Amino acid sequence: MITRYNRQTRYQRFGAPGQQCLQTMHVMIFGAGALGSNIAEMLTRMGVHEISVIDMDIVELSNLHRQALYDEADAQQMLPKVEALKSKLNKINTTVKINILYEELTATNIEKLLSDSNPDIVMDGMDHFEIRYLINEACHKLQIPWIYGAAVGSKGTVYAIDYKGPCLKCLLQAVPSTGESCAINGVLPPVINQVVSMQVSELMRYVAGEGFSKKLITIDTFDLKQQAINIDSLKNDRCHVCKQGEYELLNKTRSSQIESMCGDAYLFRFKRQAFDYATYFPGHIIKENAFAKLIQYKDVNCTLFKDGRMNVHGIEDDSTARQLYEEFNKQLK
C-alpha cells in the first residue's frame, strides 16, 4: 500500500510518518458541493482512513462546471450529492471508509453529529457564510480543529482554526453584508481548486505534526494574487466564543421556517410528511424520485426534499416569500 502513496511520502516533511497518521484519521466534511466534493476526492486519493460527508442537496447541471466528480447522469437522475459522491469515491480508493449523511446541518443537530462521528478534524465545504459561525461554535465547544474555506467570484479565503488560537468570530464579528454569493457573483473553477489545495495543505501540515500555518490566506485567481496574513495579532481577548465560551447559535432550539438564500432563492421548511403529500401543493410535479420532487408553480420553481425542505427559486423579496410559504403550508393542514 505504501507504493500507492510513495509520491507524497517521498516529500520529506510529510514522509511515511505523515502518511501513517493520515491513514488513521477520520475527517468530517461539511458540504458536498464545489469545495466539499473536491476535498473528499483529494483526501480519498491520498489515502485518508475515513471520511464523513454531510449535505442536503441534489446534483444540478449548474454544479458541473466546478464540481468535478459529478456528471450529467447524476443531474438527470436528481441524485443527492452525497450518494453520487460516495459512488465515485468508492471507485477511486476502496480502502477509504466513506460515510454519508443526507440531511441539513443546523443548530439542532451539529453537536450530536460531531459527537457521534467523533472526527479528528472538520473541513468546511459550505456555500453560505452564516453556517460557518455555527461550525465555529460547535468545533470550539467540542475542541475539534477545523479548516475554513470560501470561494466566490475569483476570490478565495482559507483559515485553519484550532481551539487555542483566534477563532472565526475573532476575525469577523458579524456576517459580512456585501451580499456576495456564487449565485449572484458567479465563481470561477480555478479558485475552487486553489482554495481546496490550501485547505488540504493545512491538513497535511497538521497530520505531519507541524501544526497549522497560523495564516489567513486570500487568493484572487483572476488577478493572480495571493496574500498570507499572520493571525496572532487578530486574537480577540474578549471574544464571546473562544474566550468566554458563549455559544449563541448552538443554543437555538429550532430553525427558521423561511430563510433567504443566494440570489432569488429561498429555503422553506415544512414538516417531513410534506414530501408524501406534495400533490396537495399548488402547481405541478414535473419530475420526482425517492429523494426530491420538482414542482413548478406560476413563475416559481421548487425542489422539495424528503425531509420537508423546499428550495424555491424566483422570489424577489421576503414579503413574497412569506405569502408563498403560507399558501403552500395551508394545503398541508
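Tutor: A crossing is right-handed if the near helix is turned clockwise from the far one by less than a right angle, and left-handed if anticlockwise. The model is predicted: local features need pLDDT of at least 70, side-chain atom pairs count only at pLDDT 80 or more, and totals for chains, interfaces and linings use all residues. Numbering runs from 1 along each chain as its sequence is written, and side-chain values use heavy atoms, without hydrogens and water.

Student: How are H3 and H5 oriented to each other?
Tutor: Helices here are DSSP runs (H or I, at least four residues), numbered from the N terminus. H3 (residues 34-46) packs on H5 (residues 81-92) with axes 9 Å apart and an angle of about 20° (lines fitted to C-alpha atoms over the stretch in contact; angles from 0 to 180 degrees between N-to-C directions). Angles under 35 degrees count as roughly parallel. H3 is therefore, relative to H5, roughly parallel.

Student: Which residues in H5 does H3 meet?
Tutor: Contact means heavy atoms within 4.5 Å. From H3 come Ser37, Ala40, Glu41, Thr44 and Arg45. Their partners in H5 are Leu85, Leu89 and Ile92.

Student: Which hand has the crossing of H3 and H10?
Tutor: H10 covers residues 189-207, and its axis comes within 9 Å of that of H3, at roughly 50°. The crossing is right-handed.

Student: How many charged residues has the contact of H3 with H10?
Tutor: H3 brings residues including Leu35, Ile39 and Met42, while H10 brings others, among them Val196, Val200 and Leu203. Ala, Val, Leu, Ile, Met, Phe, Trp, Tyr, Cys and Pro count as nonpolar, Asp, Glu, Lys and Arg as charged, the others as polar. The contact has twelve nonpolar and four polar residues; of charged residues there are none.

Student: Which helix gives the most to the lining of the largest cavity?
Tutor: On a 1 Å grid over the protein atoms alone, a 1.4 Å probe fits in a cavity but cannot get out; lining residues have an atom within 4 Å of a point. The largest cavity holds about 50 Å³, and its lining includes His140, Trp146 and Asp162. With three residues, the top contributor is H7 (residues 130-142).

Student: What volume has the second largest pocket?
Tutor: A pocket is an open set of points with protein on both sides within 12 Å along at least five of seven lines. Of its 25 lining residues, those closest to the centre are Arg269, Phe270, Lys271, Arg272 and Asp307. Volume is the space filled by probe spheres set on the points; here that is about 590 Å³.

Technical notes:
Helix = DSSP H or I, 4+ residues; strand = E, 2+ residues; numbered from the N terminus. Parallel < 35°, antiparallel > 145°, perpendicular 65-115°, else oblique.
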